[in-house]
Amino acid sequence: MKLTVNGVEHDVQAPQLASLLHVLREELDLTSPKAGCQQGGCGTCTVLVDGEPRRSCLLPLAAVEGAAITTVEGLGAADELSPMQAAFDEHYAAQCGFCTSGFLLAGTALLNGSPGATREEVLEALSGHVCRCTGYVKIVRAVEAALHGEVHPERVEASFEPEETDVLIPGSPA
Ligand code: FES
Ligand code: FES
């Protein structure tokens, strides 16, 4: 089956009922969607499907045939962050980062679809995303900053040289 992820079409070999999360991580080596609860409850596996945030752990491959999938790898680069990524950086909205991909994509969908969202709409869009370490205040502030255009991606300096990383434990969630 063909799967379009971040604008690139892939031939995937996994069975039709394999989860999109599994295919992204294990077949396409896109590891920004994290394997958290794998039951739809934590939001770490969120990706955009035709621009809408969806939990990839719950989506069988067959359900996304022909759709455009976006992961964090498709948002920006280390030296060219998207506005939502830059807002998270400016507001220190990530610690371990395990939840961050899901929040970034939920925030990006909101920015694209409802840039005038109210605080209540921001909270609604982020509900169901669980963060165990940063706390939600910074995350909400970051999303609101991006919505209000109060973000400066050009000021963010890449603090590391992007490089290929080895997966030490195949199938691990991180
Ligand atoms: S891993 Fe998909 S919602 Fe938790
Ligand atoms: S930053 Fe660690 S779980 Fe959210």
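The crossing of helices α2 and α5 is right-handed, a crossing being called right-handed if the near helix is turned clockwise from the far one by less than a right angle, and left-handed if anticlockwise. Helices here are DSSP runs of H or I with at least four residues, strands are runs of E with at least two, and both are numbered from the N terminus. This is a predicted model, in which local features need pLDDT of at least 70 and side-chain atom pairs count only at pLDDT 80 or more, while totals for chains, interfaces and linings use all residues. Residues are numbered from 1 along each chain as its sequence is written, and chains are lettered from A and ligands numbered from 1 in the order in which they are written.

Helix α2, residues 83–90, packs against α5 at an angle of about 135°, with the two axes 8 Å apart; axes are lines fitted to C-alpha atoms, for helices over the stretch in contact, and angles run from 0 to 180 degrees between N-to-C directions. The two helices α2 and α5 are therefore oblique to each other, since angles under 35 degrees count as roughly parallel, over 145 as roughly antiparallel, 65 to 115 as roughly perpendicular and the rest as oblique. On the α2 side the contact is made by Pro83, Met84, Ala87, Phe88 and Glu90, and on the α5 side by Ala142, Val143, Ala145 and Ala146, where two residues are in contact if their C-beta atoms, placed from the backbone, lie within 7 Å. These residues divide into 8 nonpolar, no polar and 1 charged, with Ala, Val, Leu, Ile, Met, Phe, Trp, Tyr, Cys and Pro counted as nonpolar, Asp, Glu, Lys and Arg as charged, and the others, Gly among them, as polar.

Ala145 is found in α5, which spans residues 136–147, and Ala145 counts as buried because 20 C-beta neighbours lie inside 10 Å; the limits are 20 or more other C-beta atoms within 10 Å for buried, 12 or fewer for exposed, and in between for partly exposed, with C-beta atoms placed from the backbone. Although Ala145 and Phe88 are 57 residues apart along the chain, their C-alpha atoms are separated by 9.0 Å.

Helix α5 also meets α3, and the axes of these two helices come within 10 Å and cross at roughly 30°, so α3 and α5 are roughly parallel to each other. Here the contact is made by Phe103, Gly107, Leu110 and Leu111 of α3 and by Ile139, Val143, Ala146 and Leu147 of α5, a set that divides into 7 nonpolar, 1 polar and no charged.

We turn next to the sheet. An open sheet of 5 strands has the order β2-β1-β5-β3-β4, with mixed pairing, two strands being paired if DSSP finds at least two bridges between them. Strands β3 (residues 46–49) and β4 run antiparallel and are joined by 4 bridges, and Thr46 has Arg55 in β4 as its bridge partner. Helix α3, residues 100–113, packs on the sheet and touches β3 and β4.

Helix α1 remains. Because 6 of its 8 residues are buried, α1 is largely enclosed by the rest of the structure, and the buried residues of α1 pack against β1 (2–5) and β3. One of the buried residues is His22, whose C-alpha atom is separated by 9.8 Å from that of Lys34, 12 residues apart along the chain.
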